[in-house]
Amino acid sequence: MYHWFALRSVPLVGNVLYRRLLDRFGSPEAVFRASDAELASVRGVSSAVAASIRGHDPRAFAESECERVRRAGVRIVTIRDPDYPPLLLQITDPPPYLYVKGDPTGLEPAVAVVGSRRATVYGRTVTARLAEDLARRGVAVVSGMARGIDTAAHQGALAGEGRTVGVLGCGIDVVYPPENRALFARVADRGALVSEFPLGMGPLAENFPRRNRIISGMCRGVLVVEAAERSGSLITAQMALDQGRDVFAIPGNITSSGSSGTNRLIREGAKLVAGVEDILEELVPRAAAAVAVAPPLPPLPAGEAALMAMFGADPLHIDEIIAKSALTVGEVSAMLLRLELKGVVTQLPGKFFHAN
């Protein structure tokens with residue numbers, strides 16, 4: 001990882017240019033071996049940038065970061081790693097690598113849940129319930145590990161025995177807020193903590209807009225709960241729209257300034273959410289449309305293939321599938337949702353499922 005850290009430390013090389021350099025030269029190490037003329041062939045590399053790359057001494061940061069990563073037991077997932085979140089690759093400036101604690105795989109589909117740090121009891125309760133329902137249906141819940149709505153979202157996903165991801169606005173070895181230390185450990189155990197910031201970096205104000213684009217970028221949609229005007233959550237919603245993601249919102253008290261932002265989102269076209277089905281009905285048709293124009297699917301994982309083998313000509317009720325599979329309700333619900341998203345099963349009224 002030395003050269004990945006080294007290139008990231010070069011002044012004037014941001015995420016977009018980092019990716020162009022990777023695409024041109026194949027690896028960070030090769031970038032440092034490139035001549036001025038070769039560097040100049042990359043769009044965005046001026047003479048000043050080339051001089052910065054050629055003249056920069058990255059040893060202090062790169063060597064220190066390698067040692068700190070080793071001591072902290074943190075995993076680095078690069079943009080070339082198959083475990084890198086696939087939807088995040090679609091944004092304009094994905095981080096060249098992520099610091100990860102936990103398992104970043106198996107997070108498709110995912111929905112981001114964001115909102116106020118000063119959430120009301122209503123906001124926290126509704127958030128936890130929806131996150132739990134999403135988790136039980138096999139949808140990963142992504143949020144920012146902050147106080148209020150973020151904390152309720154992660155707790156709800158854990159209560160639903162599902163997967164959850166915390167995206168941090170600080171180094172992955174920094175627990176912020178400090179009262180969430182136990183929650184940090186549970187999220188890493190049942191999903192993942194991720195950050196693009198170097199180890200030891202504190203929760204600086206300028207970090208959070210950058211964090212928010214990762215939250216929305218990892219997901220198919222963003223659910224906003226209790227956001228005031230000009231809040232960070234509305235910035236995340238705008239980022240989601242810019243990235244082509246769905247935006248959902250929970251309606252709030254029309255007399256509360258803490259819900260003015262979410263209510264405005266609904267007026268401007270965000271989907272009003274009263275229950276988990278309002279989210280799922282948007283995710284599944286979009287996935288099915290993608291399947292219709294996609295190349296043939298690869299073989300299904302063993303568990304999903306075993307579930308498909310149960311189907312015949314007649315639809316099966318979810319209770320029958322659970323009984324035949326000897327799996328938990330949560331496991332079967334998650335598999336069925338993934339199969340529905342892949343377009344190989346269809347849910348019928350009454351919790352019946354039919355193989356396509």
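The second largest pocket of this predicted model has a volume of about 480 Å³. A pocket is an open set of points on a 1 Å grid over the protein atoms alone, with protein on both sides within 12 Å along at least five of seven lines, and its lining residues have an atom within 4 Å of a point. Grid points are joined across faces, edges and corners, and a volume is the space filled by probe spheres set on the points. Of the 27 lining residues, Gly115, Ser116, Arg117, Ser231 and Gly232 lie nearest the centre of the second largest pocket. Strand S3 (110–115), helix H10 (207–217) and helix H11 (232–242) each contribute at least two residues to this lining; helices (H or I, at least four residues) and strands (E, at least two) are DSSP runs, numbered from the N terminus. The largest share, 5 residues, is supplied by H10.

A cavity, by contrast, is a set of points where a 1.4 Å probe fits but cannot get out. The count is 1 cavity of 30 Å³ or more, and the largest cavity has a volume of about 50 Å³. Its lining includes Gly144, Met145, Leu168, Tyr176, Phe208 and Arg211.

Residues are numbered from 1 along each chain as its sequence is written. Local features need pLDDT of at least 70, side-chain atom pairs count only at pLDDT 80 or more, and totals for chains, interfaces and linings use all residues, while side-chain values use heavy atoms, with hydrogens and water left out.
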